[in-house]
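Hi there,

Here is the structure I promised to pass on. Have a look at it first, and my notes follow below.

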Amino acid sequence: MIWDQAAIETLTKLVKMDVTFTKIADILGCTRNAAIGKSHRLHLKAPLIKTHYRAREKRVEVEPIQIKPVAPVARSSPVKMIDLKNGDCRYPLGEGKTVRFCADKKLKDSPYCEKHTAICFALTKPKVIHPARTL
């Protein structure tokens with residue numbers, strides 16, 4: 001941008017009125033950084049940024065979740081992938097060429113049985129906030 005005398009006067013006036021540099025740039029038709037740089041070279045004070053802070057909400061203590069241990073499920077013998085049926089657990093047992101699958105009855109919305117769903121999708125405990133540590 002070419003800074004002619006009219007643009008410099010407008011910039012000076014808007015900076016003194018505490019208009020943000022984003023709005024100044026829109027008015028002058030230049031970039032925000034160009035307006036900031038020119039005001040810096042002219043030794044103009046930057047506009048005060050008016051921020052409104054919200055009061056912090058008080059943190060609530062949360063009781064830890066008690067996770068019940070899963071009862072052992074009667075396991076059928078592991079099967080190869082080709083032998084799996086529609087309602088069988090797809091949890092892999094073993095590695096490589098010897099991999100087998102659990103094949104117990106799977107839960108409704110999971111590819112795994114109850115035991116393997118508990119292993120794969122373990123719930124995390126919520127953080128317990130101690131009163132001495134609150135901000």
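What pattern does the protein follow when read along the sequence? The pattern is α-α-α-β-β-α, with four helices and two strands in the protein. Helices (H or I, at least four residues) and strands (E, at least two) are DSSP runs, numbered from the N terminus.

A word on the source: this is a predicted model, where local features need pLDDT of at least 70 and side-chain atom pairs count only at pLDDT 80 or more, while totals for chains, interfaces and linings use all residues. Residues are numbered from 1 along each chain as its sequence is written, and side-chain values use heavy atoms, with hydrogens and water left out.

Let me start with burial. Of the 135 residues in the protein, 23% are buried, meaning under 20% relative accessible area (1.4 Å probe, protein chains only).

Next, helix 1. Its 12 residues reach 17 Å from first C-alpha to last, close to the 16 Å expected at 1.5 Å a residue; the expected span is 1.5 Å times one less than the number of residues. Ala7, Ile8, Leu11, Thr12, Leu14 and Val15 are buried in helix 1, and the buried residues of this helix pack against helix 2 (21–28) and helix 3. Just after helix 1, Asp18 has a positive phi of about 60 degrees.

How do helix 1 and helix 3 meet, and at what angle? Helix 1 (residues 5–16) packs against helix 3 (residues 32–41) at about 85 degrees, with the axes 11 Å apart. Axes here are lines fitted to C-alpha atoms over the stretch in contact, and angles run from 0 to 180 degrees between N-to-C directions. That makes the two helices roughly perpendicular, a label for angles of 65 to 115 degrees. Ile8, Leu11 and Val15 of helix 1 touch Ala35, Lys38 and Ser39 of helix 3, where contact means heavy atoms within 4.5 Å.

On the helix 3 side, Ala35, Gly37, Lys38 and Ser39 are buried. The buried residues of helix 3 pack against helix 1 and helix 2. Just after helix 3, His43 also takes a positive phi of about 60 degrees.

Finally, the cysteines. The structure holds zero disulfides, a disulfide being a pair of cysteine sulfur atoms within 2.5 Å. Cys89 is buried, with a relative accessible area of 0%, and Cys30 counts as buried because its relative accessibility is 14%.

Best wishes

How values were computed: Parallel < 35°, antiparallel > 145°, perpendicular 65-115°, else oblique. Buried < 20%, exposed > 50% of the residue type's maximum accessible area, 1.4 Å probe, protein only.
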